Amino acid sequence: MSGITVADLYDLRETIAAELFRDVTYPWEVLPKIHDFILVLGNSLSQEVYERKGEDIWIAKSAKVAPTACLNGPLIVDEEAEIRHCAYIRGNAIVGRGAVVGNSTELKNVVLFNKVQVPHYNYVGDSVLGFRSHMGAGSITSNVKSDKTLVVVKGRDVCIETGLKKMGAMLGDNVEVGCNSVLNPGTVIGREFNIYPTSMVRGVVPAHSIYKTRTEIAEKR
């Protein structure tokens, strides 16, 4: 099915982690590789641009990090990113150039492309968020099924077993997620997609559309 591959979803010029995606077809395939990739990439970063802080944490000197933020490695925070008050990064995270991780937002095993915004009370786990994607206040990725079985990516004409117990959401470039929405395990959202506030989204949803309800998805004009 088209619409769910790395090439369909992301502009790899907009992430410091481009090499992580080079040899995979689907974006969720990178999730088990994030930890080791950060360690290799971090040790190759310019000391003129990035400062190593603590164990396996690299932060660009131009980034802004609130003193109340809790940072755990492995972690890379790219140039001009902003980590705000009481953000909690649990590790295995790449925060892209100019991205915002906001008040009480929690990250774990994620790649945020450049200019991503997760600014208010968001949980983002085992997920990839594309260039300029934005999660409204209180919106979260749910990354474990209630019955604890392995996550399956499902769409109208696709059913792919990921082999992963934990997988949140794959957001394409320029996705807008409305406030207090829940993206269920295995959600894949195409580029230029808008989701209404308080939505519950699951499965594969097409690019260039607006999610109003599960049965009402309108094409953008």
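Where in the chain does Lys148 lie, in a loop or in a strand? In this predicted model, Lys148 lies in the loop between β14 (140-141) and β15. The legends below begin with the whole chain and then turn to single sites.

**Figure 1. The whole chain, with two helices and 25 strands.** The radius of gyration is 16 Å, close to the 17 Å given by the globule rule for 221 residues, so the chain is as compact as a globular protein of that length. Along the principal axes, the C-alpha atoms fill a box of roughly 50 × 35 × 35 Å. Of the 221 residues, 52% count as buried. Among contacts with a separation of 6 or more, 31% are between residues 24 or more positions apart.

**Figure 2. The largest pocket and its lining of 21 residues.** The volume of this pocket is about 600 Å³. Lys154, Arg202, Gly203, Val204 and Arg214 are the lining residues that lie nearest its centre. Two or more residues of the lining come from each of β15 (152-155), β23 (204-205) and β25 (216-219). The element that gives the most is β15, with four residues. By residue class, the lining of the largest pocket holds ten nonpolar, five polar and six charged residues.

**Figure 3. Phe21 in the largest nonpolar core.** In soluble globular proteins, nonpolar side chains tend to be buried together. The largest nonpolar core of this model has 69 residues, and those touching the most other members are Phe21, Trp28 and Val95. Beyond its neighbours within four places in sequence, Phe21 is in contact with Val6, Leu12, Val30, Val111, Phe113 and Val128.

**Figure 4. Val6 in helix α1.** Helix α1 spans residues 6-9 and contains Val6. The relative accessibility of Val6 is 5%, under the 20% limit, so Val6 counts as buried. Outside the four places on either side in sequence, the contacts of Val6 are Leu12, Phe21, Val24, Thr25, Tyr26 and Pro27. Met170 is 164 residues from Val6 along the chain, and the C-alpha atoms of the two are separated by 9.7 Å.

**Figure 5. Leu129 in strand β12.** Leu129 has a relative accessibility of 0% and counts as buried. Apart from neighbours within four places in sequence, Leu129 is in contact with Tyr10, Val111, Leu112, Phe113, Val116, Val118, Val124, Met135 and Leu171. Glu216 is 87 residues from Leu129 along the chain, with 24 Å between their C-alpha atoms.

**Figure 6. Gly130 in the loop between β12 (123-129) and β13.** The relative accessible area of Gly130 is 0%, and this residue is buried. With neighbours within four places left aside, Gly130 is in contact with Tyr10, Phe113, Val116, Leu171, Gly172 and Asp173. Gly96 is 34 residues away from Gly130 in sequence, and the C-alpha to C-alpha distance is 9.8 Å.

**Figure 7. Ala137 in the loop between β13 (134-135) and β14.** Is Ala137 buried or partly exposed? With a relative accessibility of 29%, Ala137 counts as partly exposed, because buried means under 20%. Residues up to four places away in sequence not counted, Ala137 touches His120, Asn122, Cys179 and Asn180. Val177 is 40 residues from Ala137 along the chain, and their C-alpha atoms are separated by 9.1 Å.

**Figure 8. Backbone geometry at Gly73 and Pro74, Asn109 and Lys148.** Most residues other than glycine have a negative phi, and most peptide bonds are trans. The peptide bond from Gly73 to Pro74 is cis, and its omega is near -5 degrees. Pro74 is found in the loop between β4 (70-71) and β5 (75-77). Asn109 has a positive phi, near 55 degrees. This residue is in strand β10, which covers residues 106-112. Asn109 is also buried, at 8% relative accessible area. Lys148, in the loop between β14 and β15, has a positive phi near 65 degrees.

Key:
Residues numbered from 1 in each chain as written. Predicted model: local features only at pLDDT ≥ 70, side-chain atom pairs only at ≥ 80, totals over all residues. Heavy atoms only, no water. 1 Å grid on protein atoms, 1.4 Å probe; cavity = no way out; pocket = protein on both sides within 12 Å on 5 of 7 lines; lining within 4 Å. Points joined across faces, edges and corners; volume = space filled by probe spheres on them. Nonpolar A, V, L, I, M, F, W, Y, C, P; charged D, E, K, R; others polar. Core = buried A, V, L, I, M, F, W, Y, C linked by side-chain atoms within 4.5 Å. Buried < 20%, exposed > 50% of the residue type's maximum accessible area, 1.4 Å probe, protein only. Contact = heavy atoms within 4.5 Å. Rg over C-alpha atoms; globule rule 2.2 N^0.38 Å.
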